[in-house]
Amino acid sequence: MSKNKSSEAVKVVVRCRPLSRKEESTGPAGGIVQMDLRLGQVILRNPRAPPSEPQKTFTFDAVYDSSSKQRDLYDESVRPLIDSVLAGFNGTIFAYGQTGTGKTYTMQGLWLDPEKQGVIPNAFDHIFTHISRSQSDKQYLVRASYLEIYLEEIRDLLDPNHGNTRGLELRESPETGVYVQDLTSCVCKSIKEIEEVMNVGNQARAVGATDMNEHSSRSHALFLITVECSQPGPDGRKHIRVGRLNLVDLAGSERQAKTGVQGDRLKEAAKINLSLSALGNVISALADGRSSHVPYRDSKLTRLLQDSLGGNAKTVMVATVGPAPQHYDETLTTLRYANRAKNIQNQPRVNEDPKDALLREFQKEIARLRAQLNHRRFRSKQKKEQVDGEAWERDGDEEGEELEEEEVEKEAEEFVKLEEQRLEKENEAIREDQFLLAEEKQKLLGENEKMMGDLRKRQEATEQLTARYKAMESKLLVGGKNIIDHTNEQQKMLEMKRQEIAEQTRREREMQQQMLVQDEEAVELRETFTSLQQEVEAKTKKLKKLYAKLQCTKAEIKDVNDEHVRSRQELEQTQNELTRELKFKYLIIENFIPPEEKNKIMNRLMFDPDEDEWKFKPLVPEESKSSQMKKRPLSAVGYKRPISQYARVAMAKGTHPRYRAENIKLLELDMTPPNTSALTDGEQNQSPTLNNSPSNDKGICKSRSWYQSQKSITSSSSNNSLVGCQMTAPAAAM
Ligand code: ADP
Ligand code: MG
């Protein structure tokens, strides 16, 4: 398998949606976005600028205007990427843009209309069609996961309890890079199954949200597909290639309003776009090429997409824009963002024989089950032939012969039937036998019964084994099996032709773009001037052109500066709010929390670099916990628990065994009774109760004190003094 070590730029395409009916009726006529499909250019008009101001032009790998079809975008820009994933590369497609510009439309589309299906359903089709058409020596395993990042928490959309559990954690391994721990992953055998997975996830997404639009504009949805393919290599061994596909529908890129919000709302607002601004910073750092530090660790999203941006993956970014004039600023920001992403270089390579391939485990398990089944079949056959009295003629090595599982099942069933018949006959014979004693008969019948039970158990075990084997095997998709379903070779040809056309269009556009660049240079070189006048004219023309370019660049610089100032102001504002919040918290800590408590808490704090947050150390250190628990107090030597001198004496006297140890409640307190008549009266009135107490009878202690007298009455209460008073008052009144 060839390993492509060369680098490859992130592919960026821009799509503009049609004007909505509302925009058509309310806004000024016409959109502000023009597209040159041939050149892959987007021309943006500033609705507020005077007509003399030049329009802004951006060039991308491809552009799709409002009349573009889902299928065109897929065939031209996505199909090659999915083909790479099927060949074992990592691939990522992400949709970026303002809310309402068609990210979800592009990624998912309208499921019921085949014409309007988005990238994801088309990818499902593509993957499973590819598998069914591949050669029969290939085995595939397809898995899908679906997650969402909301307020910097990862939620598993396929886990029914995802709403109740804490967000999932990210882990990193040298083999697979960054992954989500404990993420549900569903093995899918068909388009229908994977669509079901998608639907379950989409429903889970909608259920948690009070306002779906609001929610989806603030959360990132990632659909992950892993395609593992095993194929015998030239060395005769099976090699596994694993392609991972991330389909990402990002949160709306519009600025979240942060003005005027405080407390939790502020934190929320700061967190919502944290992932997106971190993504922007990562893209900037990568596009710049000079910065040595790429801030992947700043957010969950960037960590998850680490490989897709500047790493081992092929990446396509679909930037979506709307044509409405009122969204000019956001559209411009999106185009700039997309323009920067073009400069990112990835290093995709085929993932061959990774250690974590699930397919290998499946294959091993299937082989094990198969061996077990064959072994069983061999044994039952042997038995059968022993029973039949036939000689076992075949060679032993036939045990390893590959068998159809139905055959195994049929033979096992047959064998059981025969055995049962035989045992039944034997039972009859025993019952009819006149010479046997009743006892002996019973014994023989019992033995037969047991044999029959064993037989059935064995049969059941074989059935279970076969079922498991079948279930496992059905999960693996084998190429070429369903080829009859797709005999329409014509369709295949048609698809190939379409692919070719898409490829050609792409190449044509690339050439056009190159030509445009070269033209400008070439004209200059070829120019020869016949007269001075001509030269002046030509140079003036050129000067004008350059001047226009200069103006454009100046405007661009101004724009970028403005943008920079704006985002800086916003950040400053957020910082001010956060500082205020912090000061407020400090104020509370300084004035309302005792310093020793504060110190205790401070001493327990530690920073967890894995999860990027502060945590409490456990109160008792983990390692010393067990030893501390085991240590016995010194005073307890020889006894079950610490014991006072008083109790020891009591024990020596041989009193009631129940009171051998300490009973704090019965201890005599050396306390002068308070000098209030009510209490004294109370005590007198209660004395009969005290005299009745069992401890008093045993002579362990004499309860004299007022304090204890209350306790004996209200022993279940925790608030002794209060309840004591309440109890004594009515007693005194008696
Ligand atoms: P986002 O996910 O970016 O917030 P949506 O995908 O929900 O935006 O799109 C908003 C609306 O615009 C939807 O009603 C969608 O059907 C429509 N829409 C978006 N893009 C297109 C397009 N290319 N063609 C037709 N309708 C579109
Ligand atoms: Mg959406």
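Author: Let us begin with the ligand. An oxygen atom of ligand 1 is 2.7 Å from a polar backbone atom of G100. Please keep in mind that this is a predicted model.

Reader: What makes the approach of G100 to ligand 1 a polar contact?

Author: A polar contact is a pair of N or O atoms within 3.5 Å. The pair formed by an oxygen atom of ligand 1 and a polar backbone atom of G100 is 2.7 Å apart, and therefore it qualifies. A backbone N or O atom of K103 lies 2.8 Å from an oxygen atom of ligand 1, and for T101 the corresponding value is 3.4 Å. Both of these values are also within 3.5 Å, so the pairs count as polar contacts.

Reader: How much of ligand 1 does the protein bury?

Author: Ligand 1 taken alone exposes 560 Å², and the protein buries 68% of that.

Reader: Why is S308 called buried?

Author: Buried means under 20% relative accessible area. S308 has a relative accessible area of 2%, and therefore it is buried. The residue is placed in the loop between α9 (300-304) and β15 (314-321).

Reader: Which residues are in contact with S308, leaving aside its neighbours within four places in sequence?

Author: They are T92, N246, A313, T315 and N346. As for N346, it is 38 residues from S308 along the chain, and the C-alpha atoms of the two are separated by 7.5 Å.

Reader: Why does N351 count as buried?

Author: The cut-off is again under 20%. N351 is at 11% relative accessibility, so it counts as buried. N351 lies in the loop between β16 (345-346) and α11 (358-388).

Reader: Which side chains does the side chain of N351 join through polar contacts?

Author: One polar contact, of 2.7 Å, joins the side chains of N351 and N90. Another, of 3.2 Å, joins the side chains of N351 and N312. Not counting residues up to four places away in sequence, N351 touches G88, F89, N90, I240, R241, V242, R244 and N312.

Reader: How do you know that the length of helix α10 agrees with its number of residues?

Author: Helix α10, residues 328-341, has 14 residues, and at 1.5 Å a residue these should span 20 Å. The end C-alpha atoms of the helix are 20 Å apart, and therefore the two values agree.

Reader: What makes α10 mostly covered?

Author: Of the 14 residues of α10, 11 are buried. They are Y328, E330, T331, L332, T333, T334, L335, R336, Y337, A338 and A341.

Reader: Why is L151 called partly exposed, and D182 exposed?

Author: A residue is exposed over 50% relative accessible area, buried under 20%, and partly exposed in between. L151 is at 24%, so it counts as partly exposed. D182 has a relative accessible area of 65%, and therefore it is exposed.

Reader: Why does C552 count as partly exposed?

Author: Its relative accessibility is 31%, which falls between the cut-offs of 20% and 50%, so C552 counts as partly exposed. C552 is found in helix α15, residues 532-592. C552 and E53 are 499 residues apart in sequence and 8.4 Å apart in space, C-alpha to C-alpha.

Reader: What can be said of the protein as a whole?

Author: Its secondary structure comes to 22 helices and 19 strands. Of its 734 residues, 39% count as buried. Among contacts between residues at least 6 apart in sequence, 71% join residues at least 24 apart. The protein exposes about 44,000 Å², and carbon and sulfur atoms supply 53% of it.

Note on methods
Residues numbered from 1 in each chain as written. Chains lettered and ligands numbered in written order. Predicted model: local features only at pLDDT ≥ 70, side-chain atom pairs only at ≥ 80, totals over all residues. Heavy atoms only, no water. Polar contact = N/O pair within 3.5 Å; in protein donor to acceptor, adjacent residues only side chain to side chain. Areas by Shrake-Rupley, 256 points an atom, 1.4 Å probe, with all protein chains shown as cover. Helix = DSSP H or I, 4+ residues; strand = E, 2+ residues; numbered from the N terminus. Expected span 1.5 Å × (residues − 1). Buried < 20%, exposed > 50% of the residue type's maximum accessible area, 1.4 Å probe, protein only. Contact = heavy atoms within 4.5 Å.
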